[in-house]
Amino acid sequence: MKKFFLLSLSLLLCLTWCGAMEKEVCKFAVKEGKDLFLTHYYNAQSNDSIRGCVIFVFGGGFAYGERDAKQYQSFFSWLCDNGYDVASIDYRLGMSRAYDDYGWKKGALGKVKRFKTAIEWAREDMLDATTFVVENCERWHIDKSRIIASGSSAGAITCLMAENAICNGLAPAALKQQMQVNKSPYAAVISFAGAIFSMKGHPKWASKPCPMMMFHGNSDKSVPYKKSSMFGKGLWGSAYIYKQLEEMGSTYYFYDAAYESHRMAVSPMNNNRDEIMEFIKTVVEKGKTLQIHKTVRDTSKPKQKTKFSPFVYLSQKG
């Protein structure tokens, strides 16, 4: 009888925890004839309180992925339990088969141009989704000063590209109307294995970006840890970006994982929640400035290769 009671209590607690996060689906744009949606996750038990919001962008090499993928659900639930709604968004997957007949040229150069377009589409869709979230802050009880951009892999690239565009005055007009002068709509960017793509050399910043938290492994052969470029065209990763932030006097937290692979695109969402919440509470909520470069290594794992040619990144699926 006692075992049955404990089992029933555990089941009830589990159902209560799982049921606390509710969601609604909203269309925020139509692009290339395709409807783009976001899923707004929120804690039903705190619906009347003012909360923050994380705009999340899934990964998948700009070729595949879903905004409601199971691998992110626990992270979303945790954010909702800690006072942050989640707006997980669609974006056009320019590297997917849906766009194979778009008129792309073959070969490495053709793939670079297609990749450039895919990133530009994702960035544009991210900024449109941000505009939609900002415009609905009052209805959703969201504090505009606590909107965070976050993404995994291709999604992290998208978030970093969006902030870079804002700093360079490239935000869409509708979003500029919602922004204070020279201020990003994002209180922070949390990037899981991200980078910035450029066709004109290293990333440029016309104004200081918002605070950034970046996770990256130096054995990542999917998204460059430092940089991968040819003739000034390529990707500049977290290890390069944090140096730029340091020189600009910007706030950053760089979690630098030695000999870690592309698994850093997802694993910190489960394994580094304490660091993530400390960053949110210290930087986003208290407005403190900091510069942290934390280098970690799991010594139970062997050393891995850390340098890869641009062709390795080009050969990745998607």
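I start with a definition: two strands pair if DSSP finds at least two bridges between them. Helices (H or I, at least four residues) and strands (E, at least two) are DSSP runs, numbered from the N terminus.

I note that this is a predicted model, where local features need pLDDT of at least 70, side-chain atom pairs count only at pLDDT 80 or more, and totals for chains, interfaces and linings use all residues. Residues are numbered from 1 along each chain as its sequence is written, and side-chain values use heavy atoms, leaving out hydrogens and water.

**Sheet.** I looked up β3 (residues 51-57) and found six bridges to β5 (residues 142-152), with the two strands running parallel. V54 has I148 as its bridge partner in β5. I then traced the open sheet of nine strands: β1-β2-β4-β3-β5-β6-β8-β11-β12, with mixed pairing. β1 (21-31) and β12 are at the edges with a single partner strand each, so one side of each has no neighbour in the sheet.

**Core.** I checked the largest nonpolar core, which has 94 residues. Such a core is a set of buried (under 20% relative accessible area, 1.4 Å probe, protein chains only) Ala, Val, Leu, Ile, Met, Phe, Trp, Tyr and Cys residues joined through side-chain atoms within 4.5 Å. Helix α3 (residues 107-135) gives the most to this core, eleven residues. I276 is among the residues with the most contacts inside the core. I listed what I276 touches (heavy atoms within 4.5 Å): F75, W78, I190, F192, M213, F215 and P268, leaving out residues up to four places away in sequence.

**Helix α7.** I found S238, A239, I241, Y242, Q244 and L245 buried in α7 (residues 238-248). Just after α7, G249 has a positive phi of about 75°.

Key. Buried < 20%, exposed > 50% of the residue type's maximum accessible area, 1.4 Å probe, protein only.
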